[in-house]
Every structure is written in structure tokens, then in C-alpha cells.
2 protein chains.
Amino acid sequence: MSKRAYNFCAGPAALPEAVLLRAQAELLDWHGKGLSVMEMSHRSDEYVAIAEKAEQDLRDLLAIPSNYKVLFLQGGASQQFAQIPLNLLPEGGVADYVDTGIWSRKSLEEARRFGNVNLAASGKVCNYFDIPAQSEWQLTKGAAYLHYASNETIGGVQFDWVPESAEVPLVVDMSSDILSRPIDVSRYGLIYAGAQKNIGPSGLVVVIVREDLIGHARAACPTMLDYKVAAEHASMYNTPATFSWYLSGLIFEWVKEQGGVAEMERRNRAKQELLYRFIDGSDFYSNPVAPAARSWMNIPFRLADEKLDKAFLAGAEERGLLNLKGHRSVGGMRASIYNAVGLDAVQALVTYMAEFEKERG
Amino acid sequence: MSKRAYNFCAGPAALPEAVLLRAQAELLDWHGKGLSVMEMSHRSDEYVAIAEKAEQDLRDLLAIPSNYKVLFLQGGASQQFAQIPLNLLPEGGVADYVDTGIWSRKSLEEARRFGNVNLAASGKVCNYFDIPAQSEWQLTKGAAYLHYASNETIGGVQFDWVPESAEVPLVVDMSSDILSRPIDVSRYGLIYAGAQKNIGPSGLVVVIVREDLIGHARAACPTMLDYKVAAEHASMYNTPATFSWYLSGLIFEWVKEQGGVAEMERRNRAKQELLYRFIDGSDFYSNPVAPAARSWMNIPFRLADEKLDKAFLAGAEERGLLNLKGHRSVGGMRASIYNAVGLDAVQALVTYMAEFEKERG
């Protein structure tokens, strides 16, 4: 086997090698049962145990209160953009949305197709390089919910605070920073996260939803998009994405073994500090985001001369530093450093960046 | 590694061992690139090549005409039950549905939530042990489409003919018999199939849809459920189920290597003949389905004395014959013998059934 590369992909993203090794060992014969997890009925005792253990481990990791359901669904966060208003926004009601970048804007635009959306705040005023202070938000009294994205993978902007929403349920797209540090689930009405960053492989979206928000779907909501149906069937109204769910379970186990989300926070803090410090200490590299709003997960940066971008990426790839190209909508570079990307990867990146600057800067 | 069992699960079902071995070998390092397919951006050159090859191989296998799109979506067939009327049934229009068992009834009930459904025919008159002849169907002139399920996994009832629908687009749930024998795609407006039987792992549904049926989604259709959006983005409007898509591609390759769907038909014919002949030649085992409507894929059978069911299943499991228990709604036994279940598995089953009858019958 050739050497595993350092993978800075924004998603689907790097997975812990230990998890992949275990999945590989079990791939044809899970625990001596003579079949792959992929070949198991989702209703078999073995698979139900796998699924329930994954849920319990996630509950343990995030200390999810018992009045929250944990759902393992399909369609990614983008399907949630519709599923949330179809379940939580009554006809004639209003939902507040905060726009801090491409993903929160996408969720807002989709919600508009199903009802009244109030743009409570927008990062546009600061070119999306910062998050507007809550004191400037225009919230709706009696809103059905308040939606925001805790981390914008493309802009590299992240909340380091939780909005106050009083009685209004707080709904958060946590796709790219769930499990990266401790959270207080009880502050939220609904948390959702596409799996392919910090949870597992793509094809799975995890929804953590307070029970009182379940059971209010519109008449026109497809059965498969009704949280009540999913909750009543323990996410098995139909065949779920069994292998993705299993692999996510292996990752939850791995996070627990590593020391849980508190340890993830310690590691992620060190990783982002190393990279931002290096960027800020250089005249050649730059990151435009306001320090307090900088993402720990996705770090976009630019070279002083964009004509060098190609050479930078080619040199990186030669050293096994993959997927550093920035999103096509913003250009430049981006290093995504989720839980499965170790400090060693960030050190290797910084070493390369320093050498490249010395040679070509 | 312990011996691989014979797996008669209805779905998620057995996968070809050769495919699992290849997936296992590539799991940590795909083609020397230093990362798993699960860790690849869906927009990377490598992954796009994987996805496009899978589509092309499926097109080759089924000789899909160029005026059909092939979509790789999430949510399973159950999500299609809503997605089809949301895209194909205009407000005020009528869709014809044929009820031949639990799955076609589920699709019909979901469609009723979105518009007018005409029950064109029902197998209820014959206790779902046969398929009503088309001469008895009550079709709607100018219907938006005519929907049926080519194979009922629970009842073990399968069409061995294609309904005539003239100008009305024919829509078929082919979840459990796609790729089991050649079909003429041009007879259909839309074919859909949950992957977890003859295509690959769960979490993926393949939709083959004629281009003129795309672009008519209702205003209230979630973006993720609009075929036009999926088609325009080559099923990558958001992150698809990348690993399931890849594994399905390996299975398409495997089917091609084996000789394509003509060879699958030859094998499946031999497998079902062996099992039905044995059942029909026994006074101890029985299958209630009319011979012409018997499924090649899912073969339910009963023991003369249901008090022996437990002993039968326990003895089967001891010999590595897994998942023979019938669906909870009908009881008895069921052997699902999809493409990946070889003649050797059916021979082993028949040998066991004969011995069990001799000892306990």
C-alpha cells in the first residue's frame, strides 16, 4: 500500500485511518457472522444493535438530553433546507434567517419557497468576512424559528457564540463543525449536520430535534420528509443508509476513545492556532476573516500573487498534501482541518508553505 | 476469516464477493492516490470519473437510449413515491396505479397525498397471489402516468410482461428486479430502483427518466426532489452518496464481466426453476403464487406445519443459510435470490430443505 496522503478536502473529507482499517477488516465478514454490514437487513438484531450503539455514542459525546430525538436521514443538509420549513414553519408563519455566507443563504432561499422568511441579519455589509453582532439583528417576535449556520465551509467564517433566541427555537446547520468542540444541545431546537465532514461518509445527515418540534409537518410534506415518521420508526421507515450509519458509529467510537469532544476542541484549537499564526506572520499568505469569526475547520488563504496558485498546488500534491484548492466561487486556497486531520498534517502544510514562500515569494 | 454465509436477505442483500474484495483492497488507498473513495471530493477528477463510469456501465448494461437521464439519488424508492407525483402529476391531473402488493400500494397511498390517483387494478381479488390481466384494468384516458411495481418483494409476485400504456408514460418501481434480465427501456417513461437489492448498498436510488418528463415539477417541490435540478447537476446538486455510487459502479462492472443481463437472466432462470420445482414437488413446502406471476427474485414459501418454522430457521442458520425468515407481515419463509446469490446457494438451500422435510416432515 502506498502512503496515505494528508487530505485537506472540505468534504467528503478525511476519515480517521483507524476507522478505515477497522471497516476494511470487517468488510466481508462482520464479527464472524459471514456477511458484510452492507449485506445485513436493517431490521436484523445485529444491524439494529449497530444503529442503536451509534446513536447512544453520539448522545454520550454531545450529552444530548432525553427529550431530543436523534435521526439518521438521507439527502444531506440540502434536503434539510426544505425539510425544516416543511416541518417547523406553519402556513402564514415567519422564520428568521441569518445570512453569513453561501450555505446559510442557500438554506434561506429554499425556505422562501415554503413561506415567509425574514432576513434577520446579513454578513454582506462586511463582505462576509465577519458575523454581524446579535445586537444588530432584526428578529421577528413569535417567529417559528431562528436559523443560522454555525460554520461556513466556503467563507471560513464560524460562530464562536450561540445566538440568544429566547422562546424561539434555534435551528442550526452544524454540518461542518459538529463534534469539533462541546456544545450545549439544550440551547437548540434543532441541530442538523451532513455527515461528510466530521461524522462519516456522505449520504447521511444527522438531525437532533427537540420532541415538541416533531409532529407539525404540513399536509403537503412528503412522508419521507416528516420528522414524526422518521422518529416513530427510529429512522427506519424505509431502508436507511446502513453502511454510512455504521461507519459514523465507528467514528463516534473513535472520538470517544480519543477523549471526546473536549479533546477534539483541544486539538482543533492547536491546529487552527498554528495555521492562522503562520498566515498572519507572513506577508505572502493572507486570510481576510475577522479574527473572532475565523473558522477552526475551514481556513481559506491567498497567496500574494495568484499566478503562483498552480505551482503551489502542484508542489503540495507532490508532497502528499491534497485538496488545498479553494472553492470555485472564491478561488485561492482552503485547508479543511476537521477532527480526522491531525496536527501532523497541519505541521506538514505549514512547513511546505514556508518553503514555498522562501523559494517563490 | 470465517466462511462467508449464504445470504437470502430481501435487502440490503448479498453482494458479489469479488466486488467486496475489491472494495476492501481499495478502501484506504484508491488506485495509489493515498485516500479512500469515501474521502474524495465528489467534484474531484477522480471521483467524477468513478461516477461517470458507473453511469456508462449501467447505460451499456440496459442499453439505455440517449434521450434518458440516469440519476443517482438518495432517499430510496420510498422518497420516489412522493417525488414522482411532485414531478409528473400536474395539479388536477390523474395518475393510474396498479396495486399488486405492499410496495405498489405504498407508492399509491403516497401519491394520493399529492393529487388524484385512479386505482386501475388490484390483486386483492386474487389475494395478491396473481397479477390481474391488463384486459381488466380500468385506465384513465390522458392520465399523467401509469405506475406499477415489476416485482413485489414481500408477496413474491412479479410481472413477466410489460403493460401497454400507449401515449401514457409508464412508471415502474424496479427496485427488486432491475438488472435481473434484459429490459426495453424505451417502453418506459421512468424506471426507479432502490439500490439495496440488485445494484449495491443502501442509501442510493437510481432513476432512469425520459428527458421530456423532466422540468415539470410543482412549485411546492423541494429543490432536492426536482428531477430537473438533479439532471442539470449530474446528480451532484449537493454531495451525493459517493461510496454507494462507487460500489454500485463496481457491481455494474461485475455484471458486465459475468456476461451482462442476458447471463443474469440465464442464471436467475435456473435458480428459480430449481427452487420452485423443489417446492412444487413437495407436500411439505408450498408457494401460493400463480405460476405465471411467480417472482424470480423473492420466493416466499411455507412449511406444512408452522410450529416447525423456528426449528427450520435455526437449522438453516447452523448451515450458514441466513435470513430465510419471511416478512413480518406474511410470516413463513422467503428466499431472496438476487444476482449476487449463486446457484450454489440455492442448491445448498434445497439440500437443506429436503433433509429437514425428511427428518421433521
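## Chain A and chain B: interface and local backbone features

Gln24(A) counts as buried because its relative accessibility is 18%, where buried means under 20% relative accessible area, exposed over 50% and partly exposed in between, computed with a 1.4 Å probe on protein chains only. This residue is found in helix α1 of chain A, helices (H or I, at least four residues) and strands (E, at least two) being DSSP runs numbered from the N terminus. When neighbours within four places in sequence are left aside, Gln24(A) is in contact with Gln24(B), Ala25(B), Leu27(B) and Leu28(B), contact meaning heavy atoms within 4.5 Å.

This is a predicted model, in which local features need pLDDT of at least 70 and side-chain atom pairs count only at pLDDT 80 or more, while totals for chains, interfaces and linings use all residues. Residues are numbered from 1 along each chain as its sequence is written, chains are lettered from A and ligands numbered from 1 in the order in which they are written, and side-chain values use heavy atoms, with hydrogens and water left out.

### The interface

The size of an interface is often given as the accessible area lost when the parts come together. Between chain A and chain B the buried area is about 4,900 Å², with carbon and sulfur atoms giving 55% of it; buried area is the accessible area (1.4 Å probe) that two parts lose on being put together, summed over both. In chain A, the residues that lose the most area to chain B are Leu28(A), Met38(A) and Glu39(A), which together account for 15% of what that side buries. In terms of contacts, 67 residues of chain A meet 67 residues of chain B.

Between the two chains there are 30 residue pairs in polar contact, both residues being at pLDDT 80 or more; a polar contact is a pair of N or O atoms within 3.5 Å, where within protein one must be able to donate a hydrogen and the other to accept it, and residues adjacent in sequence count only if both atoms are side-chain atoms. The elements that give two or more residues to the side of chain A that touches chain B are α1 (17-26), α3 (76-88), α4 (102-112) and α6 (242-258) of chain A, and the largest share, 6 residues, comes from α1(A). That side divides into 33 nonpolar, 22 polar and 12 charged residues.

The count of salt bridges between chain A and chain B is 2, a salt bridge being a side-chain nitrogen of Lys or Arg within 4 Å of a carboxyl oxygen of Asp or Glu. Arg4(B) forms a salt bridge with Glu39(A), and the closest N and O atoms are 2.6 Å apart.

### An annotated residue

UniProt lists Arg43(A) under "binding site" in an unreviewed entry, and such annotations may be inferred rather than shown by experiment. Arg43(A) lies in the loop between α1 and α2 (45-62) of chain A, and it counts as partly exposed because its relative accessibility is 37%. Apart from neighbours within four places in sequence, Arg43(A) is in contact with Val48(A), Met236(A), Tyr237(A) and Arg328(B).

### Backbone features

Most residues other than glycine have a negative phi, and most peptide bonds are trans. The table gives the exceptions described here.

| Site | Feature | Value |
|---|---|---|
| Gly11(A) to Pro12(A) | cis peptide bond | omega about -10° |
| Gly11(B) to Pro12(B) | cis peptide bond | omega near -10° |
| Ala166(A) | positive phi | about 50° |
| Ala234(A) | positive phi | near 50° |

Pro12(A) is found in the loop between β1 (6-7) and α1 of chain A, and Pro12(B) in the loop between β1 (6-7) and α1 (17-26) of chain B. Ala166(A) belongs to the loop between β7 (157-158) and β8 (170-173) of chain A and counts as exposed because its relative accessibility is 75%. Ala234(A) is in the loop between α5 (227-232) and α6 of chain A.

Notes: Nonpolar A, V, L, I, M, F, W, Y, C, P; charged D, E, K, R; others polar.
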